[in-house]
Amino acid sequence: NMENLQQTSRNLLVCDQSSLRHRKCRLSQQVQQHHFNHQVSLLLPECGSAPPPLDAALRSFSSSYLLRKLPLHELLDTHFLQDAVYQGSVYGLSYRSRIDEDTCVALLPSGQLVLSLDKDVYERLGVEGKPSRFNQRANSRYVVTVNLTDSSMAPGGRGYQRLLTGLKSRVQLQTDFLLSHHPGGGEALKALLSRYDWTEHRPQVSSRLLTNLPCPTPLTSDLPSCDPHSFLEWLGAVEAEVSCDNESTSFLSTLVCPEPRAVLSRALRVRVSGLLLPQDVYRLIEELRRCWDGRGTASWAALTVQGFADSPVSWGSREHGFLKGGENFYSLLLCSDHSYWLCMGTGAHDGCPP
Amino acid sequence: MSVFMDLNLRPTAERSTLQSLLDTAAHLGYSAVAINYVFEPTSKKKQEIPKPTPTSELFDKLPTVQGRSRPIRVLNRLTIVASDASHFRPSAPEFRSFDLLAIHPTSEKLFHAACMTFDVDIICVTVTEKLPFFFKRAPVSGAVERGLVFELCYVPAIRDSTTRRYTIANAVCLLESCKGRNVILSSGAEKPLELRGPYDIANLGLLFGLSEGDAKEAVSSTCRSAVLHGVHTLQVSADTRAPASCCQKPGRPPAAPSTPRDCAQAPPTRPAQTPPTSRKSPIPGQRLQTNLQPREPDPPPQ
């Protein structure tokens with residue numbers, strides 16, 4: 001049993017190498033399927049400030065709305081369904097709920113409502129669901145998924161009534177809820193915003209100039225000088241501002257920059273955080289690509305998108321859980337020749353990224 | 001998984017220490033704790049079974065659990081340390097005022113009896129010295145089948161390196177017989193500095209030989225089933241009334257204000273909770289603060 005101590009929790013890393021010019025490039029689907037994005041972090045080498053179009057793209061992420069103490073049966077409200085769920089894409093996530101302790105709820109743009117419930121709540125709700133994939137011995141967590149756009153869930157239908165009764169009278173679930181809508185924004189959500197306490201959250205943008213940054217070189221995607229794991233370790237160290245010097249006097253970090261390496265005199269790290277829509281993330285990637293169509297200053301850029309640790313889903317409707325960590329993220333290394341390296345990572349209680 | 005619990009907080013004479021112990025437990029993310037009253041009967045003189053102090057007298061205010069909107073729940077537990085059943089009556093009615101009943105057997109005979117027949121919820125495993133007996137599969141499986149749990153305390157391992165060795169050795173020994181099932185990890189803490197966060201204790205479980213999933217259960221779901229077992233036993237014993245000779249009114253005296261029902265059954269409304277600390281931070285690893293690194297709660301997004 002002692003050998004187990006040397007192992008860390010299981011995690012999955014899926015790496016994809018392709019080009020934006022390639023006909024069958026799947027980047028768009030992979031980005032769009034990652035519904036709930038908490039933070040986008042962009043690393044631009046040899047850059048003091050973001051070029052204006054890129055800066056504009058970073059500052060134009062859609063706002064999200066935080067509703068306080070929203071009773072969950074309101075997500076079945078007919079006006080809300082008409083304005084938000086049936087039109088465009090709605091993104092909703094329960095706020096400050098823990099996927100391994102509490103009830104968590106997600107509303108996907110496909111119209112699916114995902115409820116991650118513990119056993120007591122599930123049994124009292126009375127709607128059919130499946131045990132969580134990550135249950136240990138006894139079934140302590142259940143996932144109920146209903147498609148609100150399906151004909152069986154049309155208002156007045158049997159499925160609809162059953163869920164509504166369950167949420168209204170049998171369990172009265174209530175939670176703070178983060179909501180966003182594309183392309184309607186706040187307008188599409190006014191059915192709920194008008195009746196509950198809400199605040200608007202504009203995504204926060206922050207930037208930091210890093211100097212004398214060791215960096216693996218050359219960073220191209222067709223001849224990677226280092227393997228994905230080492231690259232991600234280095235990128236993670238840069239993002240977390242952990243030193244890669246591995247000085248003998250320091251006991252905090254033994255991380256090193258992969259060889260061969262060069263030192264960048266400066267690099268810009270820009271971060272956006274909030275409930276970020278995948279459409280906005282993809283728009284940012286397109287803008288990055290356009291930056292190279294004109295001039296070729298830097299040869300690469302790295303974009304890391306972090307998901308929510310407590311979201312019930314990671315990519316698509318794949319179940320997401322939290323054992324020791326709730327990571328579900330992807331890192332994109334975009335090169336000036338439009339080729340890229342995409343690394344998607346998830347944790348122990350997760351399915352495989354697409 | 002269910003909420004995190006620490007079922008062994010040791011009260012000292014100082015009320016303020018107990019209050020800060022509770023505050024720290026809530027801050028670390030434990031949603032329920034049990035105040036453990038220890039009773040060591042000897043054959044020499046007749047001792048009184050301690051009565052639990054009502055929660056409202058012990059604590060000015062029940063703190064809110066970090067990141068949630070509910071206050072921490074406090075249960076009462078009695079631990080009997082004995083080597084012989086003749087030192088106490090296993091189904092004394094005084095036991096009913098506690099939510100949880102634990103026994104710490106120091107002899108093989110009592111261990112066997114406790115596993116197979118006693119009306120207890122938790123069986124404590126010695127961690128401060130060499131095991132007085134070996135764990136045999138039969139009583140351990142019997143206990144597991146009856147829904148009893150085995151408890152391992154971690155605070156002695158923090159206090160001293162010799163007890164740390166005994167803790168690990170005894171834990172490994174236990175886990176060989178029970179295969180990781182029905183084990184809870186609790187503190188046994190008397191001071192706030194001795195408490196550790198639930199994820200850290202789940203990691204400690206790995207040292208004892210638990211798998212990752214089992215170790216996390218040992219601080220959450222298994223504790224919950226021990227509490228439910230306690231509630232069930234109380235309900236059953238309320239029906240089978242004590243004989244009149246023990247000078248108690250038939251039926252249960254009212255439980256201490258921390259009603260076990262409250263903890264055992266899910267409340268009808270389950271608000272997913274709110275206050276400031278930003279849990280959406282995707283940085284893996286440190287989800288909840290440990291004692292040593294206070295983290296400022298992130299300001300709520302503008």
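A:Glu259 and A:Arg261 join their side chains in a salt bridge, with 3.3 Å from N to O. The model shown here is predicted. Over all chains, the count comes to 22 salt bridges. Side chains of opposite charge can pair when their charged atoms come close. Some of the pairs are set out below.

**The pair A:Glu259 and A:Arg261**
- A:Glu259 counts as exposed because its relative accessibility is 54%, and exposed means over 50%.
- A:Arg261 has a relative accessibility of 35%, so this residue counts as partly exposed.

**A buried pair in chain A**
- A:Glu101 forms a salt bridge with A:Arg98 through their side chains, at 3.6 Å from N to O.
- Are these two residues buried or exposed? Both A:Glu101 and A:Arg98 are buried.

**A link across chain B**
- B:Asp60 and B:Arg15 meet through their side chains in a salt bridge of 2.7 Å, N to O.
- This pair links distant parts of the chain, 45 residues apart.
- B:Asp60 lies in the loop between helix H2 (55–58) and strand E3 (73–82) of chain B.
- B:Arg15 belongs to helix H1 (residues 15–28) of chain B.
- B:Asp60 counts as exposed because its relative accessibility is 67%.
- B:Arg15 has a relative accessible area of 41%, so this residue is partly exposed.

**A network in chain A**
- Which residues are joined into one network by salt bridges that share partners? They are A:Glu74, A:Asp77 and A:Arg195.

Technical notes: Residues are numbered from 1 along each chain as its sequence is written. Chains are lettered from A and ligands numbered from 1 in the order in which they are written. This is a predicted model: local features need pLDDT of at least 70, side-chain atom pairs count only at pLDDT 80 or more; totals for chains, interfaces and linings use all residues. Side-chain values use heavy atoms; hydrogens and water are left out. A salt bridge is a side-chain nitrogen of Lys or Arg within 4 Å of a carboxyl oxygen of Asp or Glu. Buried means under 20% relative accessible area, exposed over 50%, partly exposed in between (1.4 Å probe, protein chains only). Helices (H or I, at least four residues) and strands (E, at least two) are DSSP runs, numbered from the N terminus.
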